Amino acid sequence: MHEPTFRQALSSSWQLVAQKKSLWIFGLLSALIGQMGLSDFVGMLYKTTNEGFRPYHFSLILDFFKVWNWHQVSIILLTLWLLGIILLLVIMIIFIAVCARGAIIAYAIHWYKKDSILSLSDAWNKGVQRFLPMLVVSIVGRGLQIIIIWLFSIVALKLVQNNNLSGSLLIIFFASVGLFFALVIESISIFSSGYLMFENKNLIKAVKKGWYLFLDHLMVSLELGIILMLCSAIFLGIVIYGSFVAFLPSLLMWIVAGFTGVKFLIVLGIYSGVFLYASLVLVAAGIFNAFVTCSWIYLFMKMHHEGVVSRVIHFFQYLFRKS
């Protein structure tokens, strides 16, 4: 049997996302809790490195509470009321995002398994039904990644004080180790989510099956994670340079305003440019997030049914046969 390749995974996923525009909405909503794969972890790693390896701290939250006058009952009641509203909004956002991610997974599984379309309402209902276990998987996975970043920050902060070559090399080594463990956590989270939606397993059984599937396809998971991370870098570049396209109508308005002296066109150009760029970013984020999720689920289905051979291992086996 011909082994599925990453090219097939990416092309099939893109075909699905391009044909089913409803996945764009789910992709945008699920992006509220992050993207599947290594992109979010790499972003946190870059942010930590750029800020001088400062570990996460909660001083900002403490300072927020210190500025309030807690001797007045009205202040306490207003603060509790505000925190209650914020809490409800956070709960609503998390619920929508987790259900949307489950809906994408259910939609992709149905497509790859039966080559047929799952209705929008059925996909959403499946996401709602598996909300709690999907939420646990998402929270635990992201929490473990934050712990890895925090530990890396502490170690790197001590190593950077040495200011020598060995310290810099050790920082790169520990960053690579952190990246590997983040891949392990994310892959198990994705495969566990797949089993939650595919076989309706309970949480513990789904995590166990996800762990065993990852062990059987460690190199494949690493390769796909790196490929999709590179795709994320390309996507980020497209979004950044897309701002030039979004502001082209604004540029024309500003040119006309310069010749005619109509100040209203300057303001209209600014607002229209911001609106077009925000729309571009939102639509692109929805499409790309759905594409990444479907790519992972495509290989998950192939791993579960047929098994997938690592392309790196396949390449070295080919070299050894030639030699």
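Author: What follows is a set of questions about the labels used for this structure, each answered from its definition. This is a predicted model, in which local features need pLDDT of at least 70 and side-chain atom pairs count only at pLDDT 80 or more, whereas totals for chains, interfaces and linings use all residues. Residues are numbered from 1 along each chain as its sequence is written, and side-chain values use heavy atoms, with hydrogens and water left out.

Reader: What makes up the secondary structure of the protein chain, helices or strands?

Author: Helices (H or I, at least four residues) and strands (E, at least two) are DSSP runs, numbered from the N terminus. By that definition the protein chain has 13 helices and zero strands. One of the helices, helix 8, spans residues 165–198.

Reader: How do you know what span to expect of helix 8?

Author: The expected span of a helix is 1.5 Å times one less than its number of residues. With 34 residues, helix 8 is expected to reach 50 Å, and its first and last C-alpha atoms are 49 Å apart, which is close to that value. Helix 8 is followed by N200, whose phi is positive, near 55°.

Reader: Why is the pair of F235 and F288 called stacked?

Author: Rings of Phe, Tyr and Trp (its six-membered ring) pair if their centres lie within 6.5 Å, and planes under 30 degrees apart count as stacked, over 60 as edge-to-face and the rest as tilted. The count under this rule comes to 13 aromatic pairs. For F235 and F288 the ring centres are 4.5 Å apart and the planes stand at 5°, so this pair is stacked. The pair links distant parts of the chain, since F235 lies in helix 10 (residues 218–246) and F288 in helix 12 (residues 263–305), 53 residues apart. There is also one aromatic cluster formed by F191, Y195, F198, W296 and F300.

Reader: Why is F288 called buried?

Author: Buried means under 20% relative accessible area, exposed over 50%, and partly exposed in between (1.4 Å probe, protein chains only). F288 has a relative accessible area of 9%, and therefore counts as buried. Across the protein chain, 39% of the 323 residues count as buried.

Reader: What makes a set of residues a nonpolar core, and which residues touch the most other members of the largest one?

Author: A nonpolar core is a set of buried Ala, Val, Leu, Ile, Met, Phe, Trp, Tyr and Cys residues joined through side-chain atoms within 4.5 Å. The largest such core has 54 residues, and those that touch the most other members are L16, L23, Y112, F191, C294, W296 and L299. Helix 1 (6–19), helix 2 (22–30) and helix 5 (73–114) are among the helices that each supply at least two residues of this core. Helix 12 gives the largest share, 13 residues. Another core, of 14 residues, lies apart from it and includes M44, I148, A156 and L159.

Reader: Is T293 buried or exposed, and what does its side chain reach?

Author: T293, placed in helix 12, has a relative accessible area of 2% and is therefore buried. Its side chain reaches the backbone oxygen of N289 at 2.9 Å. A polar contact is a pair of N or O atoms within 3.5 Å; within protein, one must be able to donate a hydrogen and the other to accept it, and residues adjacent in sequence count only if both atoms are side-chain atoms. Contact in general means heavy atoms within 4.5 Å. Leaving aside neighbours within four places in sequence, T293 is in contact with M36, I104 and I105.

Reader: How do you know that S30 is buried, and which residues does S30 touch?

Author: S30, in helix 2, has a relative accessible area of 1% and so counts as buried. Not counting residues up to four places away in sequence, S30 touches A97, A100, R101, I104 and N289. The side chain of S30 also reaches the backbone oxygen of G27 at 3.1 Å.

Reader: Why is N202 called partly exposed?

Author: N202 lies in the loop between helix 8 and helix 9, and its relative accessible area is 40%, so N202 is partly exposed. The side chain of N202 reaches the backbone nitrogen of K205 at 2.9 Å.
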